[in-house]
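Please keep the sequence and the model in view while going through the numbered points.

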Amino acid sequence: IGFGAGGTAWSLSLYDALQRLDIVEFVPGVIRAAHFFPEVNHNVLTDPRLHVTIDDGRNYLLVTPQPYDVVSVDTLDPKHAGNGNLYTREFYELSKRVLKPGGIFVQWLPYHQVDNTSLKMIARTFQHVYPHATMWLNRFKGYTLLLGTLEPLHIDLARLEAHFRTPAIQRDLAEVHVATPWQFLESFTMREDNLRRYTAGSADLNTYNHPYVEFYGVSWHDPVDENLAELARYADDVTPLLVFPSTSSP
């Protein structure tokens, strides 16, 4: 949901297992402008697996009969008018409706553009719908990712390492400072229990009828230091989520 310059679509297209990639973009001009950014999207719109729908992301999730393994909301700033609807309880409930068993919902959340109160409110709203939510952080690019799964998250270390042995995937992730499996795991920030403690001070949920984030999500001071300090206080260990390859006994 949200094509942008097409970088996320390109990254997803690198996986051989991908069978179909649906792009939902609200602004037709964004798709027309894609050819101005070949260094970002590598002309991914020519990929036969990719299908573009011009629509509002909420409406699409409301009516589509298509179930998905992954739903990703890409680079939509919550402080901009209208975008806050994609950070609401109702929107997360729609996303959950279309996920297949074992599916993943990914929410891009820029910690450099919203204040600490809004960051926690969005995370609490997300976890209200996805109790098994985890948080990830890319400190080099200024954003967090909220990852929603229908069951507790487990990370197969062998599969993770195998993906990084694919040269195209490794090069692509290196551009965002995730060049190795270990750098990927270093991006992990909070397990579900710690995320719940982190958001405990936020009493409100962001909803369609009460879109709080749109009204006080704009910070008149740089929120980065405060947000990172809070995230650091609740930093968590990813090890309990790892599934290691089985080894035979000597």
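This is a predicted model: local features need pLDDT of at least 70, side-chain atom pairs count only at pLDDT 80 or more; totals for chains, interfaces and linings use all residues.

In which loop is His-177 found?

1. His-177 is found in the loop between helix H8 (167-174) and helix H9 (181-186). Helices here are DSSP runs of H or I with at least four residues, strands are runs of E with at least two, and both are numbered from the N terminus. The phi of His-177 is near 65 degrees, a positive value in a residue other than glycine. Most residues other than glycine have a negative phi. At 41% relative accessibility, His-177 counts as partly exposed; buried means under 20% relative accessible area, exposed means over 50%, and partly exposed lies in between, with a 1.4 Å probe and protein chains only.

2. Residues are numbered from 1 along each chain as its sequence is written, and side-chain values use heavy atoms, with hydrogens and water left out.

3. Asn-43 also has a positive phi in a residue other than glycine, near 55 degrees. Asn-43 is found in the loop between helix H3 (38-41) and strand E2 (50-54). Its relative accessibility is 46%, so Asn-43 counts as partly exposed.

4. The model contains an open sheet of 5 strands in the order E3-E4-E6-E5-E8, with mixed pairing. Strands E3 (68-73) and E8 (188-190) are the edge strands, each pairing on one side only. From one strand to the next, the twist averages 25 degrees. Two strands are said to pair if DSSP finds at least two bridges between them. Strands of a sheet pair through backbone hydrogen bonds, either parallel or antiparallel.

5. Strand E5 (residues 134-138) is joined to strand E6 (residues 143-149) by 5 bridges, and the two run antiparallel. Thr-134 stands opposite Leu-147 in E6. E5 and E6 form a hairpin with 4 residues between them, and Gly-142 in the turn has a positive phi of about 80 degrees. E4 and E6, which run antiparallel, are joined by 6 bridges; the bridge partner of Ile-104 in E6 is Thr-149. E6 is mostly covered, with 6 of its 7 residues buried.

6. Which strands do the packed helices touch? Helix H6 (residues 116-129) packs on the sheet and touches strand E4 (99-109), E5 and E6; its direction makes about 15 degrees with that of E6. Helix H12 (residues 224-233) packs on the sheet and touches E5, E6 and E8, with a direction at about 130 degrees to that of E5. Axes are lines fitted to C-alpha atoms, for helices over the stretch in contact, and the angles run from 0 to 180 degrees between N-to-C directions. Contact means heavy atoms within 4.5 Å.

7. Val-114 lies in the loop between E4 and H6. This residue is buried, with a relative accessible area of 0%. Val-114 and Asp-222 are 108 residues apart in sequence and 9.0 Å apart in space, C-alpha to C-alpha.

8. Phe-91 is found in helix H5 (residues 89-97). Is Phe-91 buried or exposed? Phe-91 is buried, because its relative accessible area is 0%. Leaving aside neighbours within four places in sequence, its contacts include Ile-1, Leu-61, Val-73, Phe-105 and Tyr-208. The buried residues of H5 are Glu-90, Phe-91, Tyr-92, Leu-94 and Ser-95, and what covers them includes H4, E3, E4 and H6. By contrast in distance, Phe-91 and Phe-164 are 73 residues apart in sequence and 32 Å apart in space, C-alpha to C-alpha.

9. About 290 Å³ of space lies in the second largest pocket. A pocket is an open set of points on a 1 Å grid over the protein atoms alone, where a 1.4 Å probe fits, with protein on both sides within 12 Å along at least five of seven lines; lining residues have an atom within 4 Å of a point. Of the 20 lining residues, the closest to the centre are Glu-25, Phe-26, Leu-76, Asn-83 and Leu-86. Strand E1 (21-25) and helix H4 (57-63) are the elements that give two or more residues to this lining.

Key:
Grid points are joined across faces, edges and corners, and a volume is the space filled by probe spheres set on the points.
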